[in-house]
Amino acid sequence: MVSQQNRHNKKLTVITTHINADFDAVASMLAAQKLYPDSLVVFPGSQEKNLRNFFINSLAYLFNMAEVKDIDFSLVSRLVVVDTRQANRIGKLAALLDFPDIEIHLFDHHPDMASDIKGHYEVIRQTGATVTILTELIISKGIEISPEEATVMCLGIYEDTGSFTFTSTTASDLEATAILLTKGANLNVVSDLITREISPKQVALLNEMIQAAVHYNINGVEVLITTVSVENYIADFAFLVHKLIKMENMNAIFAIARMANKIYIVARSRIPQVDVGDILAQMGGGGHTFAAAATIKEKTLVQTEHQLIDILYARIRSWRKAKDLMSAPAIMIEADVTCKEANTQLTRYNINALLVTDSAPIKGKENTLVGYITRQVIEKALYHQLDHVAIREYMTTEMTMVTPEADLSEVQEKIIGNKQRILPVIEGHKVVGVVTRTDLLNILVRQSQLTNQDSPDPHQTPVLARTRHVLKFMKERIPQRLMHILERVGEVAEIISCNAYVVGGFVRDLFLYSPNEDIDIVVEGDGIAFAKEFAKIEGTHLHTHAKFRTAVIIFPDGFKIDVASARLEYYKFPAALPDVEMSSIKLDLFRRDFTVNTLAIWLNPHKFGTLIDFFSALKDIKEKVIRVIHNLSFVEDPTRVFRAIRFEQRFGFTIGKLTTGLIENSVKMDFFKRLSGKRVFNEMRLILEEENPIASLKRLHDYNLLSVIHPSIVLNKDIVALLYSVKKVLSWYDLLFLEESYKRWTVYFLALIRSCNRETVEEINKRLELPPRFHNILTRTRFEAERCLYGLEKHLPVKNSTLFKRLAPFSTELILYMMAAARKEKVKKAISKYVTRLRHMQIAVKGRDIKSLGVEPGPVYREILQTVLDAKLNGKLKTREEELKFIQHYVRKF
């Protein structure tokens with residue numbers, strides 16, 4: 001009951017929220033109560049079971065609550081509404097909106113709607129939870145928050161953000177939660193309530209929802225609708241819908257349930273094409289673009305479902321057009337080409353149909369499209385020994401076409417209605433792409449999800465790109481200077497009417513939270529022409545490579561970005577270098593080695609920050625799996641096996657099951673024998689330059705791939721121990737922070753071949769086609785270093801000058817190798833002393849100091865200076881004065 005004091009209060013403030021209040025709504029009412037002392041908290045309707053149990057039985061004392069029936073509306077001067085702005089969702093309290101002398105205060109995080117209540121005071125922001133907004137206001141006013149209150153408010157944020165996993169989550173939600181934790185919020189309580197157990201009744205209802213689920217393809221978008229009926233109200237219906245969307249892996253779901261005498265609709269969406277808040281607003285409900293609900297009265301389930309489907313067809317726009325579905329550029333062939341050559345083209349590009357053009361084009365115009373021919377027709381022609389006959393004799397000449405703006409329904413009608421395997425996309429008189437029958441079927445039956453496949457194939461199983469807007473993420477992760485460069489790349493691409501993307505390792509590492517400033521740009525069009533335009537506008541230098549249609553843009557400070565034309569590579573035989581042709585971004589990404597390297601981010605201004613994922617790369621990154629893109633990947637380029645192992649170990653991933661089988665097959669078939677030594681050396685060098693190459697070497701050994709270098713190389717326990725010793729020595733050396741570069745790979749490689757004799761090493765040098773400097777290190781100087789090491793192990797201790805003379809002839813790589821290979825600790829310490837104290841020791845006196853003593857220039861100068869250095873190395877001399885006295889004394893002997 002309302003207290004007698006409040007009944008006589010002519011300025012009564014009432015705080016309320018929406019019917020079927022969730023944790024955010026209740027937490028927001030508690031927070032509002034902190035901002036409006038002496039106010040009354042009024043639930044407009046029934047609460048869900050878990051709210052009633054927790055708040056009323058445990059923390060009801062935090063709320064100054066009243067029932068609607070106990071409120072005298074004439075005493076109310078202010079109505080505070082939280083977590084909604086819909087009059088039809090606040091129950092009987094909506095009557096207060098008609099009182100002209102009542103102030104309306106609104107706090108909400110939902111998108112604006114035409115039917116919103118208009119307030120005298122409004123705080124509206126799109127955060128993950130309304131209580132986030134109220135928490136910020138409380139903190140700004142310096143109002144204290146108790147641990148119990150902080151727990152309730154935290155609970156609201158956790159629920160409405162899906163424990164910070166929903167896309168609606170903002171930085172403000174995380175900041176508010178951090179503040180509440182400092183106020184003593186109990187996450188154990190939050191966890192107990194968020195992680196709810198499903199009751200037997202809920203399990204039964206969820207099973208019924210699964211059984212009743214129906215898939216609809218509405219304007220090219222798949223939507224799941226499930227309709228169920230139960231006699232009594234079952235709590236947490238929204239929670240069950242959330243479970244269902246995960247189980248069914250759907251992008252949009254609408255669940256309709258009749259419970260007692262009401263019908264409830266709960267909707268969830270993962271894609272912008274289905275705005276569930278807007279859709280359910282048409283039925284009297286509301287919510288966000290991704291989560292919404294509605295309560296329906298005086299309608300049957302059938303009527304409700306039919307109304308929903310009508311609204312879906314009206315509100316979901318067809319977003320897939322021919323330009324989104326097509327592959328480009330279209331691969332075409334002239335009509336006079338023979339069936340045999342056409343078969344070669346089909347195999348080269350791994351496709352099932354070719355567009356056919358007139359062999360005699362009109363001057364200045366594109367070849368005229370005259371038909372198409374399929375693989376089935378070509379194979380039959382070859383079977384009948386018609387390989388020499390021109391394809392014009394057997395091509396299909398009756399065909400339909402579409403423009404790039406044709407929607408999915410038109411594409412579907414023309415392909416299926418005309419039984420046409422390949423549909424040209426025409427802009428003006430130019431063929432800009434093709435949509436195949438397989439493309440269409442994959443969209444309609446969702447084969448493109450590839451849930452049980454190890455690697456997708458955009459030719460045999462074409463897929464549409466998954467896209468996400470990641471601009472905010474880019475701004476958080478990419479340095480401002482690089483962001484500016486990417487923006488300028490997109491702007492220049494727009495100027496010359498082409499599309500530009502940043503691709504590959506840069507994008508992969510962005511999602512691995514690993515720094516990477518190696519920017520690779522792919523241009524749909526002429527990459528060199530783009531690079532020239534960029535260099536002209538930005539005042540940068542440029543290097544081009546016409547054969548591969550690539551360029552390097554060099555900024556004044558030396559920073560570089562690589563530019564390539566989107567290209568398709570094909571291989572004339574296993575292990576060959578690829579031939580290159582112009583292509584689209586999709587086919588360009590298909591030529592890459594592994595799915596994790598196929599991410600691209602669109603840079604043109606109107607699409608800037610759009611992530612493109614054709615081959616489930618993000619899924620593989622999340623699951624930490626290395627997968628090839630197609631099954632002949634290692635046949636075309638066996639060096640990808642080395643890269644698979646390198647990436648696996650660098651990122652802590654595992655190689656997929658099918659990919660592992662393909663590696664084993666490539667070893668069995670010995671595709672590596674045709675690899676040039678330089679390519680093998682380059683891959684080995686990259687592996688040995690990794691932070692910890694030993695794990696990769698073990699994997700190479702497991703696959704018997706070290707034999708690609710030489711059959712005698714084996715990874716026995718002694719070599720493994722030496723490799724770990726190298727790793728320890730290199731870590732020690734790096735921590736010295738000396739301004740002297742060295743080749744890490746050389747030290748590891750020296751360890752790897754330690755058991756190889758001189759003849760074997762010569763064969764390895766020849767196989768890998770090593771540069772002369774490294775050839776010398778691995779052969780002559782390596783064996784000299786090992787003799788030196790043997791001598792040190794037998795004759796230590798020696799004078800510093802003797803140690804210096806023995807070690808000075810060797811490069812840094814050999815010195816570190818000797819230190820790692822040393823079996824005695826005293827030898828390691830001696831080499832350490834040489835590196836840290838002796839190696840760079842210099843004397844202060846010069847030849848002119850000797851000349852001033854009357855000594856004639858000649859070989860004696862070198863002898864004198866060496867004697868001074870020996871004395872200094874041995875600790876006898878420290879200052880220049882001591883060195884001069886030493887020379888004077890030494891000269892007297894002459």
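How many bridges join strand 10 to strand 12, and in which sense do the two strands run? Strand 10 covers residues 262-269 and strand 12 covers residues 291-296. The two are joined by 6 bridges and run antiparallel. Within this pair, Ala 267 faces Ala 292 of strand 12. The model is predicted.

**The whole protein**

The protein holds 37 helices and 29 strands. Its radius of gyration is 37 Å, whereas a compact globule of 894 residues would have one near 29 Å. The C-alpha trace spans about 120 × 85 × 55 Å along the principal axes. Of the 894 residues, 53% count as buried. The accessible surface comes to about 42,600 Å². Carbon and sulfur atoms hold 51% of that surface.

Contacts also reach across the sequence. Among contacts with a separation of 6 or more, 67% link residues 24 or more positions apart.

Gln 211 is part of helix 8. Is Gln 211 buried or exposed? Its relative accessible area is 61%, so Gln 211 is exposed. From Gln 211 to His 889 the C-alpha distance is 104 Å. In sequence, these two residues are 678 residues apart.

**Strand 22 and its two partners**

Strand 22 (residues 550-554) is largely enclosed by the rest of the structure, because 4 of its 5 residues are buried. Strand 22 pairs with strand 21 (residues 541-545) and is also joined to strand 23 (residues 560-565). The table sets out these two pairings.

| Strands | Bridges | Sense |
|---|---|---|
| Strand 21 and strand 22 | 5 bridges | antiparallel |
| Strand 22 and strand 23 | 5 bridges | antiparallel |

Ile 554 takes part in both pairings. The bridge partner of His 541 in strand 22 is Ile 554. In strand 23, Ile 554 has Lys 560 as its bridge partner.

Each pairing is also a hairpin. The hairpin of strands 21 and 22 has 4 residues between the strands, and Arg 549 takes a positive phi near 55° there. The hairpin of strands 22 and 23 has 5 residues between the strands. In that hairpin, Gly 558 takes a positive phi near 95°.

**A buried loop residue**

Asn 604 sits in the loop between strand 26 (600-602) and strand 27 (610-613). Why does Asn 604 count as buried? Its relative accessibility is 1%, and the cut-off for buried is under 20%.

Which residues does Asn 604 touch, not counting those up to four places away in sequence? They are Gly 490, Ala 493, Glu 494, Cys 498, Asn 499 and Ala 500. With Glu 494 there is a polar contact as well: the side chains of Asn 604 and Glu 494 are joined at 2.8 Å.

Note on methods: Residues numbered from 1 in each chain as written. Predicted model: local features only at pLDDT ≥ 70, side-chain atom pairs only at ≥ 80, totals over all residues. Heavy atoms only, no water. Pairing = 2+ DSSP bridges. Buried < 20%, exposed > 50% of the residue type's maximum accessible area, 1.4 Å probe, protein only. Polar contact = N/O pair within 3.5 Å; in protein donor to acceptor, adjacent residues only side chain to side chain. Contact = heavy atoms within 4.5 Å. Rg over C-alpha atoms; globule rule 2.2 N^0.38 Å. Areas by Shrake-Rupley, 256 points an atom, 1.4 Å probe, with all protein chains shown as cover.
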